[in-house]
Every structure is written in C-alpha cells, then in structure tokens.
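Here's a walk through one model, helix by helix and strand by strand. Have the coordinates open while you read.

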Amino acid sequence: MILVTGATGAVGRPLVAALAAQGAEVRALTRDPDSADFPDGVEVVGGDPSRPDTVTGHLHGARAVFLNSRAIGDAVGEFADLARRKGVRRLVALAAYNVEHSLALQPSRYIGDRNRECEAAAEASGLEWVSLRPDVYANMALPLWGGQLARGDEVAWPCPDFTEAAVDPRDVAEVGAHALLHDDLLGRKPVLTGPEAISHAAMVDALAEATGRPLLYRDVTLFDIAEQFDAMGQPPELTASFIARFAAFDGRQAAVTDEVERILGRPAHSFLDWARDHAAHFTNGVV
Ligand SMILES: NC(=O)c1ccc[n+]([C@@H]2O[C@H](COP(=O)([O-])OP(=O)(O)OC[C@H]3O[C@@H](n4cnc5c(N)ncnc54)[C@H](OP(=O)(O)O)[C@@H]3O)[C@@H](O)[C@H]2O)c1
C-alpha cells in the first residue's frame, strides 16, 4: 500500500492515477474525501497530514508514503517520525529545485510550503528516501495569468526575458510514481525540469499558439507587479519574495536537466505541450 498526501493536488492527482494504472495499491489522503473523485480501486481516506494525529490509522499497512510539503507543512518531521513508527519503509518527498536558495527567494514559503524541511525530514528519517526537486510548474500560468486572460488578450507581467525551466506537474507525478515503485532513485534528489528554459514572453506565445488567441505580452515594472499582487490579496512577504527572485535571477538562463527523460524513458513535456492540453482553461471569459 502507498499513501499519497496532497492527493487532490496538481502532482498528487496524476500521481495517484499513475500508481493505480501500474497496479499499485494506493490510498489517497485528502481533507475532503466526499468530493475527491478518484479512479475506481483507489482507497480514499480523510485526514489532514498537517495534524498527524488525524492520519495515524491511514498509515496502517503502508510501505511507502509520498510527502507533499504543502499539505504537511510544519508537521513534516513529526509526520515522518510517525510513518517510521507505523512501519513505513520509504518516503518520497516533494521538495523544489530551489530548496538550497536563500529562504527569502522561495516565495511559496510565505503561503506555508516547507520544501526544505520536507526533504530534510525524508533524509533524516532513517527510511529509504527520494527527494524530488521540481522546477516551477507549468500550471503556475493559471493562477498567475488566468485572471488577466479571462478579461482580455493581454498579459501584463515583468521581465519578458526571464526564463523558467518549467516542468509539467504530470511529469513530476510520473517520476514520483517511479520513485515509489522502483529502487534506482533511492538516496537521490533529482532536479526535474521541462526540456527547455523558456522565457516569460515565449510562454505567452505558447499560450497564444495553444489557444488560437492573439495574446500580447505587456512588459511592466516590478512596482506594477507588486500592486497587482496586492490587488490579488497576496501576503506582502510573498510579493516581496517574488520580486526578489525576479531581481536576483533576471538575465540568467534557468538550468535544464534531463532527469525526467532519463527516469521515464521519454522526453519531458514542454510548456507548449502543457498549454495545448489545458487550452480550455484560457478561453476568454472562462477563468
Ligand atoms: N507550483 C510550483 O511551481 C512548484 C514548483 C516546485 C515545487 N513546488 C512545491 O510543490 C508543492 C505543492 O504541490 P502541488 O502543486 O501538487 O500542490 P497543490 O496542487 O496545491 O495541492 C496540494 C494539496 O494539499 C492539500 N492541502 C493541504 N493544505 C493545503 C494548503 N494550506 N494549501 C493548499 N493545499 C493544501 C490539498 O488537498 P485537500 O484539500 O484534498 O486536502 C491540495 O490539493 C509545494 O510544496 C510547492 O512548494 C511547487
């Protein structure tokens, strides 16, 4: 049995599907099991892994656990310890490519993600472990740009030449399934990226190609983006970290790895692949 935390998320849902498709017994953990809607054969259980006492019973019989750093948050050390005591033999952590960067340059920490702690907890657990270090997910285009693209054909965003090695979360999920089911990644921290470093402007071009819309990129200042984030109700610390990251890395090429292709035996999905498969989310007036 494999327990997946964060099972309804961008990585968790395709991970559960990939494990089930490969014949593994999967237990999907969610805070809201009634609306979770997983494939037949998946055991869906309710609990909140950020409060490990609510999930003790769900670790029963689990030989491996997928640790989603957002879902578990600050409790990840306690959760890993509980998993060990319940007889779990393997932990696969969802961390991030930037876990070793200054915490000030890790924006998602300010919404509670604990990628560095998640990796450290897996590594210190005494169990078999793998830590996945994905780059920025391609699906970030939705929360960042979906609202603007529902209102019109323009993306107002800074740093058009800033590159991301954007990775499809479905690729992260498939690598996660591999790490849970096979032994070749044990003790490794693979950095998972898409096949290219793609600029913000090129991402918008890819969305235009995928949707057939005449999208325009309007270069705005970091000051403008701070105001945009304020209007979206984002915490000021998150905004400051986002801007600091743009300022720190603008002009550098995002590092691309071949880990996805080497592990899965097929090329990583490009941002354009992701955009084509999600074009319906970027139709004017839909988001
Ligand atoms: N986005 C990126 O570009 C990126 C890049 C690299 C690494 N990461 C890391 O990947 C992790 C996120 O993975 P993901 O994209 O699969 O997450 P996600 O889509 O946000 O899903 C996380 C799941 O965890 C549960 N959850 C529990 N507490 C939550 C909370 N406070 N906020 C949101 N969800 C919560 C939710 O499930 P229920 O409601 O069903 O319980 C949710 O479906 C984060 O640690 C992030 O730092 C993200």
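Let's start with helix α7: its 12 residues, 200–211, should span 16 Å at 1.5 Å a residue, and the end C-alpha atoms sit 17 Å apart, which agrees. Keep in mind that this is a predicted model. The buried residues of α7 are His 200, Met 203, Val 204, Ala 206, Leu 207, Ala 208 and Ala 210. Just past the end of α7 comes Gly 212, with a positive phi of about 75°.

How enclosed is α6 by the rest of the structure? Largely, because 10 of its 13 residues are buried. The buried set is Pro 169, Asp 171, Val 172, Ala 173, Val 175, Gly 176, Ala 177, His 178, Ala 179 and Leu 180.

One of the partners of α6 is α1: the two helices pack at an angle of about 45°, with their axes 8 Å apart. That makes α1 and α6 oblique to each other, and α1 passes α6 in a right-handed crossing. On the α1 side the contact is made by Pro 14, Leu 15, Ala 18 and Leu 19, while α6 brings in Pro 169, Arg 170, Ala 173, Gly 176, Ala 177, Leu 180 and Leu 181.

Now for the sheet. Seven strands make up an open sheet with parallel pairing, and the order is β3-β2-β1-β4-β5-β6-β9. At the edges stand β3 (43–46) and β9 (191–192), each with a single partner strand, so one side of each has no neighbour in the sheet.

Helix α1 (residues 12–21) lies across β1 (2–4), β2 and β4 (64–68), and runs at about 160° to β1. Helix α3 (residues 76–85) also packs on the sheet, where it touches β1, β4 and β5 (90–94), and its direction makes about 175° with that of β4.

Is β2 mostly covered or mostly uncovered? Mostly covered: five of its five residues are buried. In a regular strand, side chains alternate between the two faces of the sheet. Both faces of β2 are covered, with Val 26, Ala 28 and Thr 30 buried on one side and Arg 27 and Leu 29 buried on the other.

Last stop, Glu 43, which lies in strand β3. Glu 43 counts as partly exposed because its relative accessibility is 33%. Leaving aside neighbours within four places in sequence, Glu 43 is in contact with Met 1, Val 26, Arg 27 and Ala 28. As for Met 232, it is 189 residues from Glu 43 in sequence and 36 Å away in space, C-alpha to C-alpha.

How values were computed. Residues are numbered from 1 along each chain as its sequence is written. This is a predicted model: local features need pLDDT of at least 70, side-chain atom pairs count only at pLDDT 80 or more; totals for chains, interfaces and linings use all residues. Side-chain values use heavy atoms; hydrogens and water are left out. Two strands pair if DSSP finds at least two bridges between them. Helices (H or I, at least four residues) and strands (E, at least two) are DSSP runs, numbered from the N terminus. Contact means heavy atoms within 4.5 Å. Axes are lines fitted to C-alpha atoms, for helices over the stretch in contact, and angles run from 0 to 180 degrees between N-to-C directions. Buried means under 20% relative accessible area, exposed over 50%, partly exposed in between (1.4 Å probe, protein chains only). Angles under 35 degrees count as roughly parallel, over 145 as roughly antiparallel, 65 to 115 as roughly perpendicular and the rest as oblique. A crossing is left-handed if the near helix is turned anticlockwise from the far one by less than a right angle, and right-handed if clockwise. The expected span of a helix is 1.5 Å times one less than its number of residues.
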